[in-house]
Amino acid sequence: MDVLLDNLDLYGPGFLNTVELFLISAVGSLVLGTILAMLRVAPVPVFRFAGAAYVTIVRNTPLTLVFFFFAFAFPLLGIVDAGTFGGSASSYYWAAALAALILYTAAFVCEVIRSGINTVPVGQAEASRALGLTFGQMLGSIVLPQATRAVVPPMMSTLIALLKNTTIAAGFSVFQAGSISLNLSERGENQLIGLLWVALFFVVLVIPMTLLQRSLEKRWSVAR
Amino acid sequence: MSSVLFDVPGPRARMRHRAYAVIGIAALVAAVGFVVLRFAESGQFEGSKWDWLQYEKVQLDLLSALGNTLKAFAAGAVLALLFGAVFAAGQLSDHAVFRVPSMAVVEFFRAVPLVVLIFVFHYGVSLGAPFYSVVLGLTLYNGSVLAEVFRAGVLSLPRGQSEAAYALGMRKTQVMNLVLLPQAVRAMLPAIISQLVVLLKDTALGFLITYEELLYYARYLGSIFEFGRPLVPVTIVVAAVYIVMCLLLTWLAKTLEKRNRRSKKVIEAKTPQAAEDVVAASV
């Protein structure tokens, strides 16, 4: 307990940064992932190819390597000025971590959405078209409501994974929950206890999300 | 082609799609072209940045780094499968003494980020060589996910399977080992291998605690001044190696799945969705 209370100035900002990193990259990857999913189900082959290529490449690359690229290799390409991110090194690493998390998670979000759309039987859409529904009506009142049911539980899993993945940023100079223990050791505190508090923090955050996911799964799997 | 969202296109739609295709190709070429241009302008394609590939010492070191990655993967995979089997059995036990602790252990290790686990073993408990911390972390995390996969696999089998086995007079262990597990493992093979892909990718976390695997060596190689600090080329090569390894594993999963589907002996899992969820949970 002492380790937690004596170092609240580390834990408070650390956990806050984790949550902030999580929320921003969750929104970003949901947006990008939806766009990718749209590409992957588009009727035009080029779009499908582009989406599939992105997903295949990113899904099979370790997230650590994506972080590695944005933290160390990307600045060498000179695409953006380091000054764009407030100039300081820590703000650059923050942006790099966000980019890595968003680009990586988007590939998984895309797959979840795509598999969700695929769970809707083709006959449903064909029937709605036969009834004369427009594309928007078909999507809004037939396909998406059914797809959402299938999508929400695995999407929760993806977001839980994202929350846990934010800790990898600890290895790339971003201060958040994962890096608390490294800072604790500089103060000569017991790292084991410090880390157990961090672990507990994630258990407290993740287990309710898992429970919610399970109950949603049970409640919504009845329909079909 | 009739997908859920789009009908088979008529003549006008085909024209429109052709126009979209042209725009799409243009956008794709522009995006790839921009990246290539940036790489070229910042000198990443210069011969001097790729010279390191020709040195035998570098090649050997790269191979030994790859060997370290594979070593962590192999040890982690075997132990995780064992851990998963034991705790799946525990979770399915009729005795609360085994069931409740197993569930708690699995939930706990699934909830804690792998990085934090590895840090606990490396900095918290000081296990010594980073290899042990990496393998132990990989085992506990992926083992817990695999336990869920096994459990979902056994539960997805039709009830009649175990009922018939009990009716034949088998004991619970026999029912599990002779009837349920062989079927569950075959049905869950794709999910299990997907989890092994995750495990393979997660070995890269060893980089953070200075385990001398592929990424760690890439960092070192990329900083060597004599080669012109070839960080970008090295990253490209290492990424390609990881992607190829993971695709090989994925290909194996797909081949096995196809073979399973052909054979009539495999019982369709009642909820294939459940398996997918478990996999998605393990990004």
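Guide: Start at Phe70(A), which counts as buried at 11% relative accessibility. The model is predicted. An α-helix has 3.6 residues a turn, so residues three or four places apart point the same way. Phe74(A) is also buried, with a relative accessible area of 16%.

Now the ring geometry. Across all chains, the structure holds 19 aromatic pairs. In one of them, the ring centres of Phe70(A) and Phe74(A) are 5.4 Å apart and the planes stand at 45°, so this pair is tilted.

Next, a contact over a longer stretch of sequence. Phe74(A) has a relative accessible area of 16% and is buried because the cut-off is under 20%. Phe72(A) and Phe172(A) have ring centres 5.8 Å apart and planes at 50°, so they too form a tilted pair. Phe72(A) sits in helix 4 of chain A, while Phe172(A) sits in the loop between helix 7 (135-165) and helix 8 (180-186) of chain A, so the pair ties together parts 100 residues apart in sequence. Phe72(A) is buried, at a relative accessible area of 16%. Phe172(A) is buried as well, at 2%.

This pair belongs to a cluster. Phe67(A), Phe68(A), Phe72(A), Phe172(A) and Phe207(B) make up one aromatic cluster.

Chain A has 9 helices and 0 strands. Its C-alpha atoms fill a box of roughly 70 × 45 × 25 Å along the principal axes. Of its 224 residues, 49% count as buried. UniProt, in an unreviewed entry, lists "transmembrane region" at residues 20-42, 63-80, 92-113, 159-180 and 192-212 of chain A. Residues 92-113 of chain A are 100% helix and 0% strand, with end C-alpha atoms 31 Å apart. Residues 159-180 of chain A are 36% helix and 0% strand, with end C-alpha atoms 22 Å apart.

Ile79(A) lies in the loop between helix 4 (63-77) and helix 5 (89-118) of chain A. Ile79(A) is partly exposed, with a relative accessible area of 32%. With Val80(A), Phe34(B) and Val35(B), Ile79(A) makes a nonpolar surface patch of about 300 Å².

Just after it, Gly43(B) takes a positive phi of about 80°. Further along chain B, UniProt places "domain: ABC transmembrane type-1" at residues 66-253, again from an unreviewed entry. Those residues of chain B are 81% helix and 0% strand, and their end C-alpha atoms are 22 Å apart.

Charged contacts come next. Side chains of opposite charge can pair when their charged atoms come close. The structure holds 9 salt bridges over all chains. Within chain A, Arg40(A) and Glu111(A) meet in one of them, at 2.8 Å from N to O. Arg40(A) is in helix 2 (residues 8-41) and Glu111(A) in helix 5 of chain A, so this bridge links distant parts of the chain, 71 residues apart. Both residues, Arg40(A) and Glu111(A), are buried.

Another salt bridge joins Arg214(A) and Glu148(B), at 3.3 Å from N to O. This pair crosses between chains, from helix 9 (residues 191-220) of chain A to helix 6 (residues 130-156) of chain B. Arg214(A) counts as partly exposed at 30% relative accessibility. Glu148(B) is buried, with a relative accessible area of 6%.

Lys172(B) pairs with Asp94(B), the closest N and O atoms being 3.9 Å apart. Lys172(B) lies in helix 8 of chain B and Asp94(B) in the loop between helix 3 (56-91) and helix 4 (96-111), so the pair ties together parts 78 residues apart in sequence. Lys172(B) is partly exposed, at a relative accessible area of 32%. Asp94(B) counts as exposed, at 55% relative accessibility. Elsewhere, salt bridges that share partners join Arg214(A), Glu107(B), Glu148(B) and Arg151(B) into one network.

Conventions. Residues numbered from 1 in each chain as written. Chains lettered and ligands numbered in written order. Heavy atoms only, no water. Helix = DSSP H or I, 4+ residues; strand = E, 2+ residues; numbered from the N terminus. UniProt positions renumbered as here; feature names shortened; annotations may be inferred. Patch = residues over 30% accessible without salt bridge, like charges linked within 9 Å, V, L, I, M, F, W, Y side chains within 5 Å. Areas by Shrake-Rupley, 256 points an atom, 1.4 Å probe, with all protein chains shown as cover. Salt bridge = Lys/Arg side-chain N within 4 Å of Asp/Glu carboxyl O. Buried < 20%, exposed > 50% of the residue type's maximum accessible area, 1.4 Å probe, protein only. Phe/Tyr/Trp six-rings, centres within 6.5 Å; stacked < 30°, edge-to-face > 60°.
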